[in-house]
Amino acid sequence: MIERGEVAFGTTGRNHCLLHSGGRYCVTDQESAIECIDENLILRRIMPDLLELNDGLFVAVTESDLAFKERFLEGCAACHIPAHEVTVARALAMEPFLNPTILAAIQIPDGVFEPFRFCLSFLATALKNGATVRTFTEVTDFVCSDRNPTGVKIRDFRTGKTETIGGDIIVNAAGPWAGEIAAKAGVSVPEVPTAGVMVALDCRLNNMVLNRLNKPSDGDIVVPQRATSVIGTTSWKVEDPDLITIPPEHVERMISQGEKLIPTVRRVPMRAKMAVARPLIAMTGTDARELSRTFECFDHARDGVNGFVTITGGKTTTARAMAERVSDIVCQKLNHKAECRTREVPLTSYRFFFERQNVLKRRALAQLQTSDRPNIGFEERT
Amino acid sequence: MLTVPVEIFRFKPGQAQRYDTFTVEIAETAHVIDVIDTVWAKHDPTLTFRRACHHSSCGSCAVRINGAEKLPCIVRLTDVWNGRNPIRIEPLRNFPVVSDLLVEVGDFFERMSAASMTITCEAEGFLPLTVDTFAVAGVLPKTVELPDNLSRFNRFEQCIECGICMSACPTMATDNKFIGPAGLAAIYQARHKTDDPTRVKHLLGLADGEHGVWRCHSAFECTEACPQAVDPASKIMALRRELALRRLRKMFGLRI
């Protein structure tokens with residue numbers, strides 16, 4: 001696996017930390033909602049120690065939200081998402097900072113993860129099973145035979161060294177950069193990098209994930225995590241996923257929408273704000289907010305290029321399912337018969353990712369002159 | 001928009017270390033991580049650094065800003081820039097430098113594993129969590145009830161394993177095998193999650209070892225630098241108190 005930065009350096013690192021129950025999409029995007037609840041249940045099994053599992057509430061703030069309630073409950077039932085209504089009094093007892101004027105509340109099995117450790121756990125497990133992970137390494141070009149990629153040229157940013165590695169099949173899993181990578185192989189991917197802004201508060205105002213009981217829209221969800229609550233999000237198309245400038249009005253919109261769910265939001269200082277591009281799959285004539293959050297795997301044999309597959313779209317919650325889908329396709333193309341086991345195998349500790357690197361590096365470092373390394377010891381303190 | 005000079009520590013294996021100065025155009029409301037991101041995206045893609053969550057939950061981006069250990073994702077540009085001199089960004093101390101701002105964290109994570117630090121813990125029965133919320137925003141804590149299907153609310157531990165305390169700790173510079181503030185705080189947490197005598201003995205044994213709590217010089221730099229209010233120094237002192245009390249009781253033949 002080749003990654004341009006550290007693990008979770010791109011989109012996944014900066015997501016909203018929401019372990020989706022699927023409730024958010026159960027009316028407007030049921031394919032995505034079913035993917036989410038299925039994966040939610042799998043992730044609870046394979047990474048139980050890495051999740052905050054406090055459920056979530058969808059709350060009606062306005063009459064229009066209330067009118068959505070029946071469709072929401074029908075959507076949950078259609079997508080096998082366990083959902084039940086709780087009384088307003090009970091919701092306020094569970095979430096005392098919730099807007100006291102809410103009209104209805106429905107509890108669903110949302111959860112929260114921490115994206116860095118989420119990714120590290122998967123990669124630590126892969127390392128333990130024989131994978132090689134090259135971080136801080138960029139794919140600069142493809143090596144092709146006719147039009148078919150047979151390898152990639154890479155550059156390690158830590159050392160400046162370049163090399164070429166061969167592959168029977170090359171999988172493009174570069175998220176919103178998938179189009180850029182595909183272009184190097186001479187094909188295109190129907191993808192729309194779509195950014196969203198999130199605002200993290202300086203304290204935690206909710207235990208459960210709080211959502212507006214309506215179609216997904218800007219600032220309609222407050223995800224609590226560790227000692228903060230994170231309000232999200234907006235949705236607009238961007239050209240360059242490397243550097244996204246946060247429009248100040250989006251930050252204000254997060255606060256003004258967030259305070260409809262939790263009025264205290266405006267009184268609490270902001271801890272951080274961030275934006276990142278989602279790799280959504282393009283559909284003609286569709287607004288960024290309405291694009292499906294499902295994922296797709298493109299075998300570029302359809303473009304006359306063999307040995308090159310792109311997996312894109314999706315959400316962090318469905319990352320494992322995306323890997324399963326693309327692995328199945330790779331196995332099929334290589335005539336390799338193997339069952340994907342990632343639904344069942346509990347993940348290795350995320351710390352193993354660095355500990356393993358440490359063991360290997362200790363061996364390599366023993367061969368280096370220690371004088372080559374800079375000294376950043378205590379004596380330098382100013 | 002501001003025009004901000006930034007001076008960044010650079011190192012690649014086989015090359016001499018140096019500082020590169022960049023001038024970035026950036027919004028006044030930016031955080032320091034946005035400055036580093038801009039240098040990488042617009043000026044020099046070979047700059048290596050860690051980043052992930054951008055809201056102080058992952059701990060990956062820790063560096064020194066103008067000499068002090070910080071998480072650049074929660075430090076506002078205007079809080080560290082005086083309007084003239086470059087902002088200096090350097091890697092954490094007491095970790096081997098791999099490249100630029102990137103440090104080797106394998107040893108650190110091995111220590112955190114040895115200290116049995118878990119990621120989730122039982123939540124308190126109230127919100128909000130931060131102690132100074134009332135002082136800053138006038139928000140008082142409120143008690144919470146549990147949903148019917150949950151036996152407890154849980155949440156991630158405060159410690160994000162950012163390594164800031166290890167960098168700020170003067171003892172680390174004199175004993176590179178010192179378990180360190182984060183590890184000792186983790187031992188304290190693990191010790192208070194168990195009543196099993198064998199487990200307690202193991203954890204206290206770690207804390208009482210050659211590179212444990214007695215190595216600490218009581219500088220309290222860790223608590224000062226910690227961005228998550230873990231307060232490792234007070235946990236080290238609490239472990240010392242427990243160990244001292246156990247020795248005294250043993251000396252007088254009392255039950256430990």
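Select I34(A) to begin: this residue sits in helix 1 (residues 30-46) of chain A. Helices (H or I, at least four residues) and strands (E, at least two) are DSSP runs, numbered from the N terminus. The model is predicted, so local features need pLDDT of at least 70 and side-chain atom pairs count only at pLDDT 80 or more, whereas totals for chains, interfaces and linings use all residues. Residues are numbered from 1 along each chain as its sequence is written, chains are lettered from A and ligands numbered from 1 in the order in which they are written, and side-chain values use heavy atoms, with hydrogens and water left out.

**Around I34(A)**

With a relative accessibility of 30%, I34(A) counts as partly exposed; buried means under 20% relative accessible area, exposed over 50%, and partly exposed in between (1.4 Å probe, protein chains only). Leaving aside neighbours within four places in sequence, I34(A) is in contact (heavy atoms within 4.5 Å) with C79(A) and H80(A).

Move on to H80(A), in the loop between helix 2 (63-78) and strand 4 (84-86) of chain A. This residue is not a glycine, yet its phi is positive, near 45°. H80(A) is partly exposed, with a relative accessible area of 44%.

**Other backbone features**

Most residues other than glycine have a negative phi, and most peptide bonds are trans. Select D100(B), in the loop between strand 6 (97-99) and strand 7 of chain B. D100(B) has a positive phi of about 50° and is not a glycine. At 0% relative accessibility, D100(B) counts as buried.

Two cis peptide bonds come next. In chain A, the bond that joins G232(A) and T233(A) is cis, with omega about -10°; T233(A) is placed in the loop between strand 14 (228-232) and strand 15 (236-237) of chain A. In chain B, the bond from L127(B) to P128(B) is cis, with omega near -10°. P128(B) belongs to the loop between strand 9 (126-127) and helix 4 (133-137) of chain B.

**Chain B and its helix 8**

Of its 256 residues, 57% count as buried.

Select helix 8 (residues 197-208) of chain B, which has twelve residues. From first C-alpha to last, helix 8 of chain B reaches 16 Å, close to the 16 Å expected at 1.5 Å a residue; the expected span is 1.5 Å times one less than the number of residues. Which residues of helix 8 of chain B are buried? They are V200(B), L203(B), L204(B) and A207(B). Seen down the axis of helix 8 of chain B, these buried residues fall within an arc of 95°, so they line one face of the helix; the arc is that of the directions from the helix axis to the C-beta atoms. T198(B) and K201(B), on the other side of helix 8 of chain B, are exposed. Show also helix 7 (181-191) and helix 10 (232-251) of chain B, which are included in what covers the buried residues of helix 8.

**Cavities and a pocket**

On a 1 Å grid over the protein atoms alone, a cavity is a set of points where a 1.4 Å probe fits but cannot get out, and a pocket is an open set with protein on both sides within 12 Å along at least five of seven lines; lining residues have an atom within 4 Å of a point. Grid points are joined across faces, edges and corners, and a volume is the space filled by probe spheres set on the points.

The structure holds eight cavities of 30 Å³ or more, and the largest cavity has a volume of about 200 Å³. To find the largest cavity, select R50(B), G59(B), S60(B), V105(B) and C162(B), which lie nearest its centre among its 26 lining residues.

Finally, turn to the second largest pocket, with about 1,200 Å³ of space. Of its 46 lining residues, R271(A), Q158(B), P227(B), Q228(B) and A229(B) are the closest to its centre. Helix 7 of chain B gives the largest share of this pocket's lining, four residues.
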